[in-house]
Amino acid sequence: MFKYNNQSQYYLGKKLSNIDFGYHRADIGYSNIRIRNFKGRVGLRYEYYDFHSVLSSDLWTRNDIRSEGLVSSYAQARYESFDHSANPTRGHSVQFDYSLYTSNFVNYHGETAFSAININYLAALSVSDRVTFLPGVFARTLIGDNVAYQTRNIMGGTVAGRYM
């Protein structure tokens with residue numbers, strides 16, 4: 001997969017930086033793990049962030065961003081009890097994702113590898129026969145001291161789970 005990104009970052013209404021980069025991803029996984037309402041997936045992923053230009057007023061941002069590839073192993077588990085997959089009227093969905101990021105399958109640039117944990121929860125709340133709300137809670141945390149810039153948490157956007 002390839003995706004081109006042009007991202008502007010703001011702090012309190014002031015533009016801090018403009019980052020222009022290409023995102024390449026290759027994924028090998030086993031995803032046919034199904035037990036009743038549970039679905040699972042495990043695999044390896046290679047992500048390459050090719051930064052073309054970084055315009056920034058902050059020195060730490062310019063020095064921290066570099067083109068690099070990340071190798072991650074991941075596990076995903078999902079429980080879903082919706083009555084209909086397209087238009088549910090009752091039920092819940094809980095998803096847990098864990099990824100371990102490295103630069104060479106063992107560590108991250110000679111230091112301990114870092115991890116990302118995602119937890120997502122959705123519930124179908126029926127108000128009437130024709131109206132159902134699907135409120136959700138999405139959380140992501142990073143574990144480790146030396147976290148790559150491109151995997152850090154960023155607020156904003158219209159779709160959960162799309163970070164850098």
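Is Arg36 buried or exposed? Arg36 is exposed, because its relative accessible area is 83%; here buried means under 20% relative accessible area, exposed over 50%, and partly exposed in between, with a 1.4 Å probe and protein chains only.

Before going on, a word on what you're looking at. This is a predicted model, where local features need pLDDT of at least 70, side-chain atom pairs count only at pLDDT 80 or more, and totals for chains, interfaces and linings use all residues. Residues are numbered from 1 along each chain as its sequence is written, and side-chain values use heavy atoms, with hydrogens and water left out.

Arg36 is not a glycine, yet it has a positive phi of about 50°. His109 also has a positive phi of about 50° without being a glycine. You'll find His109 in the loop between S5 and S6, and it counts as partly exposed because its relative accessibility is 43%.

Strand S1 (residues 2–11) pairs with S2 in the antiparallel sense over 10 bridges; two strands count as paired if DSSP finds at least two bridges between them. Along that pairing, Tyr4 stands opposite Gly22 in S2.

**The nonpolar core**

In soluble globular proteins, nonpolar side chains tend to be buried together. A nonpolar core here is a set of buried Ala, Val, Leu, Ile, Met, Phe, Trp, Tyr and Cys residues joined through side-chain atoms within 4.5 Å. The largest one has 14 residues, and Ile19, Phe21, Tyr49, Phe51, Leu70 and Phe114 touch the most other members. Strand S2 (14–35), strand S3 (38–56) and strand S6 (114–126) are the elements that give two or more residues to this core. With 3 residues, S2 gives the most.

Take Leu70 as a closer look. Leaving out residues up to four places away in sequence, Leu70 touches several residues, including Tyr46, Tyr49, Tyr101, Tyr108 and Ala148. Contact means heavy atoms within 4.5 Å.

Leu55 lies in strand S3 and counts as exposed because its relative accessibility is 58%. Leu55 and Leu16 are 39 residues apart in sequence, but 8.5 Å apart in space, C-alpha to C-alpha. Beyond residues up to four places away in sequence, Leu55 touches Leu16, Ser17 and Asn18.

What about Asn18? Asn18 belongs to strand S2, and it counts as buried because its relative accessibility is 19%. Among the residues Asn18 touches, again not counting those up to four places away in sequence, are Asn6, Gln7, Ser53 and Leu55.

**Charges that pair up**

Side chains of opposite charge can pair when their charged atoms come close. A salt bridge is a side-chain nitrogen of Lys or Arg within 4 Å of a carboxyl oxygen of Asp or Glu. How many salt bridges does a search of the whole structure find? It finds 3, and here they are:

| Asp27 | Arg41 | 3.7 Å |

Asp27, Arg41 and Arg45 are linked in a network of salt bridges. Asp27 is in strand S2 and Arg41 is in strand S3, 14 residues apart, so that pair links distant parts of the chain. Asp27 counts as partly exposed because its relative accessibility is 30%, and Arg41 is partly exposed at 29%. Arg45, in contrast, is buried, with a relative accessible area of 12%. In the remaining pair, Arg78 is partly exposed at 28%.

**A patch on the surface**

Ile28, Leu44, Phe105 and Val106 make a nonpolar surface patch of about 470 Å². Patches are made of residues with over 30% relative accessible area and no salt bridge, with like charges joined within 9 Å and nonpolar side chains (Val, Leu, Ile, Met, Phe, Trp, Tyr) within 5 Å. The areas come from the Shrake-Rupley method with a 1.4 Å probe, and for residues only the protein chains shown count as cover. Val106 is in the loop between strand S5 (91–102) and S6, and it counts as exposed because its relative accessibility is 64%.

Terms used:
Helices (H or I, at least four residues) and strands (E, at least two) are DSSP runs, numbered from the N terminus.
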